[in-house]
Amino acid sequence: MVAVSRLVALSLCILAACKPDLVESAPQVTEPRLLALRSEPAEAAPGQAVSLTALYADGSGALTDAPLDWALCVDRKPLAELGPVSPRCLAPSSDILIALGVGVAASGTMPKDACRNFGPERPDPKPGEPAGRPVDPDQSGGFYQPLRVRAHLATGDTYTVFGVRIACSLSGATQEQRAQFETSYVRNTNPSVASFVRVAAGHDDALPPLSAAGAEGLTVQAGATMTLRAAWAPCAGIGVCTGSEQYVAFDTASRALVSRRESIAVAWLATAGAFAEPSTGRSEAEGAVASSDNVFTAPSVPGDITLWAVLRDDRGGVGWETYRVHVIP
Amino acid sequence: MRRIAFRYLAPLLAATSVLAPQAASAQPSAPPGGAKAAGTPAPKLTRAPKLAQFVEAPYPDSERAAGRAASVVLQIAISAAGHVDEVAVAESAGPAFDQAAVEAARKFVFEPAEIDGKPAPVKIAYRYEFVLRVEQKTTAIFSGVVRERATKRPIAGVHIDVADGGSAITGDDGRFTLDDVPPGKHAVTISGDTLTAQQTSETFEAAKELDATYDVTPKGPVVEAGDDDDLEIVVTPPPLEKKVVSTEVSADEAKRIPGTQGDVLKVVENLPGVARGAVGSGALVVWGAAPEDTRVYIDGVRVPRLYHDGGLRSVVHSDLVKSVELAPGGYGAAYGRGLGGLVTVQTRALETDTYHGSVAVDLLDAAVSARAPITDKLRVGISGRRSHLDGILKAAASKDVEDYFPIPHYYDGQARAAYQIGPRESVEFGGLLSGDRTSRSVAAANLAERKTETRALHFQRVYARYEKQLDDGATVSVVPYVGADASTLESRFGVVPTNQSITTTLYGLRAIYRGRLADQLGITVGLDAEVSQATLRRSGSVSAPAREGDIRVFGQPPTDQINVDDWKVTQIGLAPYAEADIALFKERLHILPGLRFDPQVSSVSRRTPLDGDTPSIGRFAQDAAVDPRLAIRFAATAQISLRAAYGFYHRSPLPEDLSAVFGNPSLTAARASQALVGAAFRLTPSFSIETTAFRTESSGLAVRSTLSSPLLAEALVGMGQGRAFGAQFLLRKELGAGFFGWVSYSIVRSERQDVPEGRYRAFDYDQTHVLTALASYDLGRGFEVGARIRFATGFPRTPVLGAYYDGRRDAYQPIFGEENTSRIPAFVQGDVRFTKRWKIGRSELEAYLEVQNVTNRKNPEEVVYSSDYRQKGFITGLPILPVAGLKWSL
């Protein structure tokens, strides 16, 4: 049987080759790091004001003072570029950057030509040439205004990019479909964590968010393993909801308006301890389930630690909550 | 050895002597009692007996062997009814003759004699003559010797093929003999591994022997058939080949090469000029050309691939393969529509003697083949293969093993029916099919890491091949074929789907006439026609599937911006071509000019992306390419030959690149020029060295637009340039005394320029050094051992200098350095093969064990990074792996 197993293992290596065991960075926050960005509203029309917030933290927890330099980038990425933004956006300053300020939060106005630069409208033609190609939408039919955040750190600058969803019209649809879309589409709302609990036999222990008044953290033993569950609001029908929303989208394959539901991804982060998975979630097909579980192993050293659950939906919406855990011997 | 075939006729009865008065006399038998009545008149023979039924006596073998003739005088007693009552020897010619004559005479039947008008018994003397006669031959004997022109040394192993007159192979003394050649003028082809195929004609007379001496110039270091790797110039009137540089390997050699698992066509990977393919890809990269630029033909029928997925097996059963030839460049006008190399597979003629077949099984698959002559003129063959690796793995591992590893599923089959219309005319109908499917999925808690992918490619071909040899030795070949290709790709990377399906109906016709206009001038004219109708549908990201030149890392998800397009493409190409072979200076110099005129018509159903309910407007384009080609071969000495070639090539845009959304419907043909020079040195009759230097340049290649706002329907632009240059070397020992092997080495630099005036970067498949050394030795008693060592420079990759965080997709994105300026570490691997064959009656059982990567070296095959790109590692390929197999052949 050993021989058979060996043969199977070898055969698999032939077919799939043998992948190295790379040490993936654990979802452990030990040094200053930008964990998430959020725009409010989650989907904004050209010319609309937006408020931008960062979840910036280190080993002590979330930081309220951060060396974050915010800017909108108006450079469209090359068609062949696999990254989400033009590489030119990753610069301290440039004529393609619209500075928004410094800190853990910033605000600005969506460029009026956002749907032309980054949306379904064809860009302005160059002299003597026809208009160029519009941007392709993502799976949810969305278009995004690039945002870049530069963190000034002692070890050097690091960059984070984000996309603020632009409320644009449809690309490739008929006039009738566009009209129907305008009346039935509900702009995205950022998701939020409705509850965060430790799943236990018999009863669940709810963790209040750190922002809640008088919140007491959960007390666990050092090295203990537990299942944590992040839940969000169940959403029924098309409408404003802070969970897995249903929305109308133009399906480019069938060239028809269809009803879809957001998938929700949950990123799990902690200042100490380890999660079994850095990210979990529910796909569109699993959208009826409004929660996701992960296994957390508490650190072996007693002390207070901070946990974060960051929710991301399909349409660029982001929400998070912070929790405190007391680790005792 | 000269042999004259005499045919001995059967013994002949000298019937003329029967009852001849001077040779025999009738003796009336005495009346009962033996007394004569006094005064009774003596009975009178009124009618002599007459032989009504003659029986031929067998000529005694001993006497015939001794060349003796004889006559036996018998005394035969004939009854009143005409039956033979008794036979006695009156004059003996020896026991063997006597016995044969007596036994035959006993079976004689006579019309009875009459005495006084009434039937009566009589005795007669009968002379039975055995005459040794030589049959008058109605055919001619053709014998002769093949010698090396310069040294007059005989050459062994040369094939002498007389059109409709059989074939022979020269012995060690260089001589050959064909006993039964029909009278008349016949084309005679002289070919062999060490020779450039040549053709002449001879006139034969019945019952006469023609003794010929052929002085030929062996091929230079380049071996055209089965020899080396590439440079082979085929010449001679009328030329049989037009490839100045090519390597042909016979099936018998190829299947013994370690690492091929007995698959004949996998030998191509070991030939000079061929880059080592990425693990599991099966792609052929020849002289730095893209895989899709190397065309594959099986008996003149174009097929989309040579290997199944993973490169584990070829698409043709090895039993049906006679040889495979790779021309990495500089080939003649007979082929086109490709910018890279040319692989031509020649299938084996179906046997005429009796039925043959084989059954083979190993870890990967099981295969069967059967061939049989149905009548003297009709022969059929069939073969098939199906993979079972998936079943083995599922049985030995977990049931969901396929969810994690892309296990190839494949099958292929071939069927052929050949009919000999006349002595110089034949027709064959055949079909071949192949199918591949790989599927895998990665189920992860992280939505972004959930991946599924299914790839499939199926193709079928049905063809006919008509061949005729004309009285003047010229040949005509016509191969019409029809086929269908269907490829699909369905994948999902996180939430980003990718779907692509291409269904193509293909019609082709290759017609060739080869003849001689004068003694020193051979000519080939032909038509290479191809019509394809493709229906395509694609959805997903523009960046998936990845293209050559994409700056990316392995496993990097595509952009999440998606689109959809469906379109149809029809391409029609009718390419007449002509080539000449001008032989000068006693055939030491061959000049082969060729010209291929390739008008193309294409239509694309959609010129711009679909927008609402706006009707689509198609695009129709026509183009014509004139591709001149020239090859020269010069036999400087008997051992040294030089060669050079130059030519232009072009290729129509791929249908998948003509999408208004993902490509560009206005793409035009890409063009290339190829130049090469080479020399071959034959050290001994079976040992040679050859070298070739080459340079290719291509333009009009479809590349991604680098603009941030490309024009509508211009996701691809035809402004890519390419260049490749280098040299290849081959040291080859042909099969002899149970040993063969070669060492091939290629040094190649292949580059691409994506924008005009831009930097030339390394081609994604560029491999600077590729070295292959292999050998096989027959130990006797059915044992054979072989080994192969390979070294290859790693493929270029773009270094990752850092990363930034994508807050919307919760993923890190790489920051790249200059494109393709680093490489995967070099590949080094050794393989060994042990074979044992047993003769079981007329059949043979072969068992083999191949151990791949005997040193268990962890060869890096691809670069991978941790999710934040802080760590770098390598996917390593094949560990040490023994693969055993069995094959039973009849």
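**Chain contact, strand pairing and confidence in the predicted model**

In strand β45 of chain B, Asp806(B) is the bridge partner of Val161(A), a pairing that belongs to the two bridges by which strand β9 of chain A, spanning residues 156-166, is joined to β45(B).

The contact between the chains takes 65 residues from chain A and 67 residues from chain B. On the side of chain B that touches chain A, at least two residues each are supplied by α4 (389-396), β33 (562-584), β45 (800-806), β50 (860-865) and β51 (872-876) of chain B. Of these contributions the largest share is that of β51(B), from which four residues come. When the residues on this side of chain B are sorted by class, 31 are nonpolar, 22 are polar and 14 are charged.

Strand β30, which covers residues 475-493 of chain B, is joined by 19 bridges to strand β31, which covers residues 496-518 of that chain, and the two run antiparallel. In this pairing Val476(B) stands opposite Tyr513(B) of β31(B). The hairpin that β30(B) and β31(B) form has two residues between the strands, and Gly494(B) takes a positive phi near 65° in it.

On the other pairing of β31(B), 20 bridges connect this strand to strand β32, residues 521-541 of chain B, again in an antiparallel arrangement. Here Thr504(B) is found opposite Ala534(B) in β32(B), and the hairpin made by β31(B) and β32(B) has two residues between its strands. In a regular strand, side chains alternate between the two faces of the sheet.

The confidence of the prediction was examined for chain A, which averages a pLDDT of 89, with 93% of the residues scoring at least 70. Confidence in this chain is highest in strand β2 (residues 43-44), at 97, and lowest in helix α1 (residues 2-16), where the mean is 46. Over residues 1-10 of chain A the pLDDT is below 50, and this stretch has six contacts in the model beyond near neighbours in sequence. Values likewise stay under 50 over residues 12-16 of chain A, a stretch for which the model has 13 contacts beyond four places in sequence.

Technical notes:
Residues numbered from 1 in each chain as written. Chains lettered and ligands numbered in written order. Predicted model: local features only at pLDDT ≥ 70, side-chain atom pairs only at ≥ 80, totals over all residues. Contact = placed C-beta atoms within 7 Å. Nonpolar A, V, L, I, M, F, W, Y, C, P; charged D, E, K, R; others polar. Pairing = 2+ DSSP bridges. pLDDT = per-residue confidence, 0-100.
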